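Here is a friendly walk through one chain, meant to be read with the structure open beside you. Please have a look at the fold before reading on.

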Amino acid sequence: MPRIQGIYIITNIVTAETYIGSSTDIAQRWSDHRWLLKTKRHKNSIFQAAYEMHGIGAFSLTILELVEQTEQLVFREQFYLDLPKPFYNGDEAAIRAPYRAWRSDEADRARFWSKATPGEDDERRCPSVPPAS
């Protein structure tokens, strides 16, 4: 099966709480999340507690955006994290190696977004999510 690279959202369908992430292989990342939750090893204790309360059947995965260029993943994930805060994301910044975590002051945010290129393929984005400005 070909790898699907992009931004995804995991939704607790009981509580409507969400987790947003990015991956170069979304199917594998979803499998990793489920395995970590099942074995009680997920680093996000709130997400883990919700899993233990509701079970895996309470969670659904939706792809928000396909991202062709791997180096754009962190920028696009950050776009979605800057929308109304997903409940299960503890971090305000999308952090991936080899990218540097950035401080959330306005100057750093301006530099961060100035390097992000607007999506040329905005029609691939979920229609309920506004395009990057």
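Residues are numbered from 1 along each chain as its sequence is written, and side-chain values use heavy atoms, with hydrogens and water left out.

**Overall fold**

Four helices and three strands make up the secondary structure of the chain, in the sequence pattern β-β-α-α-β-α-α. Helices (H or I, at least four residues) and strands (E, at least two) are DSSP runs, numbered from the N terminus. Of the 133 residues in the chain, 40% are buried; that term stands for under 20% relative accessible area, with exposed being over 50% and partly exposed in between (1.4 Å probe, protein chains only). Among contacts (heavy atoms within 4.5 Å) with a separation of 6 or more, 59% join residues 24 or more positions apart.

**The sheet**

The three strands form an open sheet in the order S2-S1-S3, with antiparallel pairing. Strand S2 (18–23) and strand S3 (59–66) are the edge strands, each pairing on one side only. On average, neighbouring strands of this sheet are turned by 25° against each other, direction ignored. Two strands count as paired if DSSP finds at least two bridges between them: S1 and S2 are joined by six bridges, and S1 and S3 by seven. Here are some of the bridge partners.

| Residue | Bridge partner | Strand of the partner |
|---|---|---|
| Gly6 | Ser23 | S2 |
| Thr11 | Ser60 | S3 |
| Asn12 | Phe59 | S3 |

The hairpin of S1 and S2 has five residues between the strands, and Ala16 takes a positive phi near 70° there.

How covered are the strands? S1 is largely enclosed by the rest of the structure, because seven of its seven residues are buried. In S2, six of six residues are buried. In a regular strand the side chains alternate between the two faces of the sheet. In S2 both faces are covered, with Thr18, Ile20 and Ser22 buried on one side and Tyr19, Gly21 and Ser23 buried on the other.

**Helices and cores**

Helix H1 lies across S1, S2 and S3, and runs at about 35° to S1; axes are lines fitted to C-alpha atoms, for helices over the stretch in contact, and angles run from 0 to 180 degrees between N-to-C directions.

The largest nonpolar core has 11 residues: Tyr8, Ile10, Tyr19, Ile26, Trp30, Leu37, Phe47, Ala50, Tyr51, Ala58 and Phe59. Such a core is a set of buried Ala, Val, Leu, Ile, Met, Phe, Trp, Tyr and Cys residues joined through side-chain atoms within 4.5 Å. Strand S1 (6–12), helix H1 (26–38) and helix H2 (45–54) are the elements that give two or more residues to this core. Another core, of nine residues, lies apart from it and includes Ile7, Ile20, Leu64 and Tyr80.

Helix H3 is mostly covered too, with nine of its nine residues buried; Arg76, Glu77 and Gln78 are among them. Val74 is found in helix H3 (residues 73–81) and counts as buried because its relative accessibility is 2%. The C-alpha atoms of Val74 and Gly6 are separated by 9.6 Å, although the two residues are 68 apart along the chain.

**Confidence**

The mean pLDDT of the chain is 78, and 62% of its residues reach 70 or more; pLDDT is the predictor's confidence in each residue, from 0 to 100. Over residues 97–104 the pLDDT is below 50, and this stretch has 11 contacts beyond near neighbours in sequence in the model. Residues 116–133 stay under 50 as well, with 26 contacts beyond four places in sequence. Where pLDDT is low, the predicted coordinates should not be read in detail.

Conventions
Predicted model: local features only at pLDDT ≥ 70, side-chain atom pairs only at ≥ 80, totals over all residues.
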